[in-house]
Every structure is written in structure tokens, then in C-alpha cells.
Amino acid sequence: MSTYVNRLGEDVPRLGESPAGAAVAVWSLDTTLAVVGGLRIDEAPAIMDAGERERAGQMRWDRDRHRYFASHVGLRVLLGGYLGMAPQEVVLVREDCPCCDAPHGRPAVAGGEVQFSLSHSGDLAYLAFAAVPVGIDVEAVPSAAAVEDVLTTLHPAEIEELSALPEAERPEAMARLWSRKEAYFKGTGTGLALGLAEPYVGSGPTPSQVPGWHLTDLTAPAAYAAALAVRR
């Protein structure tokens, strides 16, 4: 399955109907923009909730704060468009964690009319919207040292695959693998609580499928990898 990646820029986006059935809408965003979806980033706190403002306020660097605000403005603009409401009217909540039932599971919209997922890495954010649970992830290609740091925590077959590659090819393969795993973890809401070994998603050109989910790689700029997980 090939999924088209829309680009959210400075202008107000033209949205179709809210995704239904197995349809998924995917968007990418340059988080260095000063205006996203028609809204200025320096005015972002006015449309955020208290939790978003608190999270941004804890960030040490202005660059990171700007990236956070840009990605959340994009999220609210798109959710508001699909739900037929203003960005500041969108109420974001947390589902219960599937591991411990505490309220720190997947982020969601109050009422659950649209499922969504947000990921950002460097100056890039990816967002996905669907009628069913969905997870998305974008990853910058890691350093060789970072690959070695996490290699032994993966599925045994993934360790074997990566170890068999020339060292120069491992970072790109790891980025593919990591984005697939993270997309799945975001879709299920478990995060990294159960470790990285399961499920097996593979590091090759095509992701290995996971029962109950559909994994697909997304187009991404050079030095990035991105993936999408959708519950069947």
C-alpha cells in the first residue's frame, strides 16, 4: 500500500472529508516555519491548552520550543479542519495505557471522532489521521555509535540482519527499522514499556507485517526515514 504524504505549509490547508474506513491522511511539516496553516507560531500559546504550554515552557532551547509549537499548531489546524472547528477548540486527551491503565496512553481527541498520531525529528514533523488507531514516526538517520548502542536490544533476527550489513549501511537500515517500530508502538499506545525486541518489523526495503496492523514505509527527505502503522 502506497500512502501519499501531503505537505502542510504556511497557507490554510484544503482538506477533504475526515478519513473513514481504512483511509489515512498523512501530512509532513517543516517545523522551522514562522507561519503554519495560516497561524503565526509566535502566537501559538493562545491556541494551546495548559498542558501544551507547560510542556513547551520546560524546553531549554528556543529552537526546540519553536519546533514543538509548530508541530502542535499543525496538529490543531488539521484536526480542526477535519472536525469542523477552530484549532483552539480542539480538546486533546490521553487514553488509558494498555500496560497499566493509567491515563498516559495514546494522545486522542475528546470524543474520538478522529484518531491521530504526531512525530517529529530535527526540523521535520509527520502527522497521520484515520478513523482507526494509527501511529506514525519519522527518524533522522542515526550515527554509527547510536546504532551500536541499541543494536542488542532488538529482535534477534533484526540484530542478525543489521550485523550482516557493512557498517556504513547500518544507520540507514536502523532508521527504517526504528521508524517502523515506533509507528507501531505509537499506534498501540504502549510506547517503549515492553522493550524493543517485539514485534519483528525487519530492516530491509519492505517492512515485515504485524498481526492486526498494516505497516508501510513513507516517502521522506534524504537522511530521514518514516513509517505508518494502521490497525486493520
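These legends walk through close-up views of a predicted model.

Residues are numbered from 1 along each chain as its sequence is written, and because the model is predicted, local features need pLDDT of at least 70, side-chain atom pairs count only at pLDDT 80 or more, and totals for chains, interfaces and linings use all residues. Side-chain values use heavy atoms, with hydrogens and water left out.

**View 1. Helix 1 and helix 2, packed against each other.** Start with helix 1 (50–57) and helix 2 (62–83); here helices (H or I, at least four residues) and strands (E, at least two) are DSSP runs, numbered from the N terminus. Their axes come within 9 Å and cross at roughly 160 degrees. Axes are lines fitted to C-alpha atoms, for helices over the stretch in contact, and angles run from 0 to 180 degrees between N-to-C directions. Helix 1 and helix 2 are therefore roughly antiparallel to each other (angles under 35 degrees count as roughly parallel, over 145 as roughly antiparallel, 65 to 115 as roughly perpendicular and the rest as oblique). The crossing of helix 1 past helix 2 is right-handed; a crossing is left-handed if the near helix is turned anticlockwise from the far one by less than a right angle, and right-handed if clockwise. On the helix 1 side look for Glu52, Arg55 and Ala56, which meet Arg65, Tyr68, Phe69, His72 and Arg76 in helix 2 (contact means heavy atoms within 4.5 Å). Sorted by class, this contact of helix 1 with helix 2 holds three nonpolar, one polar and four charged residues; Ala, Val, Leu, Ile, Met, Phe, Trp, Tyr, Cys and Pro count as nonpolar, Asp, Glu, Lys and Arg as charged, and the others, Gly among them, as polar.

**View 2. Helix 4 against helix 5.** Helix 4 (residues 156–164) packs on helix 5 (residues 170–188) at an angle of about 155 degrees, and their axes are 9 Å apart. That makes helix 4 roughly antiparallel to helix 5. Helix 4 passes helix 5 in a right-handed crossing. From helix 4, Glu158, Leu162 and Ser163 meet Arg170, Ala173, Met174, Leu177 and Lys181 of helix 5. The contact of helix 4 with helix 5 counts four nonpolar, one polar and three charged residues.

**View 3. Helix 3 against helix 5.** Now turn to helix 3 (residues 144–151), packed with helix 5 at about 55 degrees with the axes 9 Å apart. That makes helix 3 oblique to helix 5. The crossing of helix 3 past helix 5 is left-handed. Ala144, Val147, Glu148 and Val150 of helix 3 make the contact with Arg170, Pro171, Met174 and Trp178 of helix 5. By class, the contact of helix 3 with helix 5 has six nonpolar, no polar and two charged residues.

**View 4. The largest pocket.** Its volume is about 900 Å³. On a 1 Å grid over the protein atoms alone, a pocket is an open set of points where a 1.4 Å probe fits, with protein on both sides within 12 Å along at least five of seven lines, and lining residues have an atom within 4 Å of a point. Grid points are joined across faces, edges and corners, and a volume is the space filled by probe spheres set on the points. Of the 32 lining residues, Arg55, His72, Arg94, Pro107 and Leu118 are the closest to the centre of the largest pocket. Strand 7 gives the largest share of this lining, six residues. The lining of the largest pocket divides into 11 nonpolar, 12 polar and nine charged residues.

**View 5. The second largest pocket.** This pocket has a volume of about 190 Å³. Among its 14 lining residues, Arg7, Ser28, Leu29, Leu124 and Pro221 lie nearest its centre. Strand 1 (5–8), strand 2 (24–30) and strand 8 (124–130) each supply at least two residues of the lining.
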